[in-house]
Amino acid sequence: MTTETHWHVAPGDLPAIPASEQNASSGFLVYTIGLLLAVILTVTSFWVANTSVIWAPGVPAGLAVLAIAQMGVHLVFFLHITTGPDSTNNVLALAFGVLIVFLVLGGSLVIMANLNENMMPHTEMMNLQIER
Amino acid sequence: MNVAVEMNAVRQGESLDISEAGPAPKRIIAGFGFWIFLLSDIVMFSALFASYAVLAKASAGGLTTVQLFDQRNVAMETALLLLSSYSCGMMSLAINSRRYLATFLGAVVTFLLGAAFLKLELREFQGMIALGAAPERSAFLSAFFTLVGSHGLHVTVGLAWLVLMIVQLSLRGFQDVVVRRLHCFSLFWHALDIIWVLIFTVVYLMGVLP
């Protein structure tokens, strides 16, 4: 029950249990699990970037997945963004924030990659000028 | 009076519908407001990330990512920031159970780890500028210093905030308003660590790939 209650605490929220009855050990466990997961993911990221075992073109995608996983770990274990009733508004705001972040990042990258591809190489432009 | 007691009794129950629960307590509202601010900050960082990702190869004949970045330094920075996030969590636990000494200890450890991170980052910047890789050298370096620099600026502001909170805590004790500010600080500090996760992945690790 104690663990349950702790998980349903919104960010910046105090626990529902009075301070005297607060069981600090369950909170300690949550942060420690979060730290361990974050360390494992970080070490894996550094390993993936430096190893030659993995197919090289797949490395950036692997790094991206590891980073997103670690951000999830931080959100759940450190910021306590969970499915609890006090957290509904926070989750909705987070979903909107993630939408905007993906639009800004994805949109910029797609547009700029497209422009790069369609732009005439510098040398060809020089040749055109000379021919004229 | 009776009604108030009953309301409190009801509030303990988990099954209350959100439309019947009445206004949320101030601590939840403050946390939500601060969370909105953090999200807007993250949206700002996403624009900086986008510009960096577009300009990362535009080194204008100067030093490139592979030549500039030192992975050992980045690993140390990452470890320092992660540990300071953890000690900040320990501080939150100490606040929840109203333990003075543990709260101070958590705050001081968080401050020291954050300051060590900042020192490493500044040393890295100085080394880069000494090599001739200053922000005005190329579009890549402008984007790099803007992105990593604004994260460093956030860490600096966080450290100043933490010092202020230590002073407030010693002067006013565990007043509601002080506790709320401390919780907002811990949200801020954890969010900075999330942004750093993206920075060390996108800027440093992807930068040293062959």
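What percentage of the 210 residues in chain B do buried residues make up? Buried residues account for 48% of the 210 residues in chain B, where buried denotes under 20% relative accessible area, exposed over 50% and partly exposed in between (1.4 Å probe, protein chains only).

This is a predicted model, in which local features need pLDDT of at least 70 and side-chain atom pairs count only at pLDDT 80 or more, whereas totals for chains, interfaces and linings use all residues. Residues are numbered from 1 along each chain as its sequence is written, chains are lettered from A and ligands numbered from 1 in the order in which they are written, and side-chain values use heavy atoms, with hydrogens and water left out.

**Chain B**

Chain B contains seven helices and zero strands, and its elements run α-α-α-α-α-α-α from the N terminus on. Helices (H or I, at least four residues) and strands (E, at least two) are DSSP runs, numbered from the N terminus. Of the contacts in chain B (heavy atoms within 4.5 Å) with a separation of 6 or more, 79% involve residues 24 or more positions apart.

The mean pLDDT of chain B, the predictor's confidence in each residue from 0 to 100, is 88, and 90% of its residues reach 70 or more. Over residues 1-10 of chain B the pLDDT is below 50, and this stretch has one contact in the model beyond near neighbours in sequence. Where pLDDT is low, the predicted coordinates should not be read in detail.

**Interface of chain A and chain B**

In the model, 49 residues of chain A are in contact with 45 residues of chain B. The area buried between the two chains, that is, the accessible area (1.4 Å probe) lost on putting them together, summed over both, is about 4300 Å², of which carbon and sulfur atoms give 78%. The elements that give two or more residues to the side of chain A that touches chain B are helix H2 (24-50), helix H3 (59-78) and helix H4 (88-118) of chain A.

| Residue | Location | Relative accessible area |
|---|---|---|
| A:Gly27 | helix H2 of chain A | 0% |
| B:Ser59 | loop between helix H2 (26-55) and helix H3 (65-68) of chain B | 11% |

The C-alpha atoms of A:Gly27 and A:Phe77 are separated by 9.5 Å, although the two residues lie 50 residues apart along the chain. Leaving aside neighbours within four places in sequence, B:Ser59 is in contact with B:Thr64, B:Arg137, B:Ser138 and B:Phe140.
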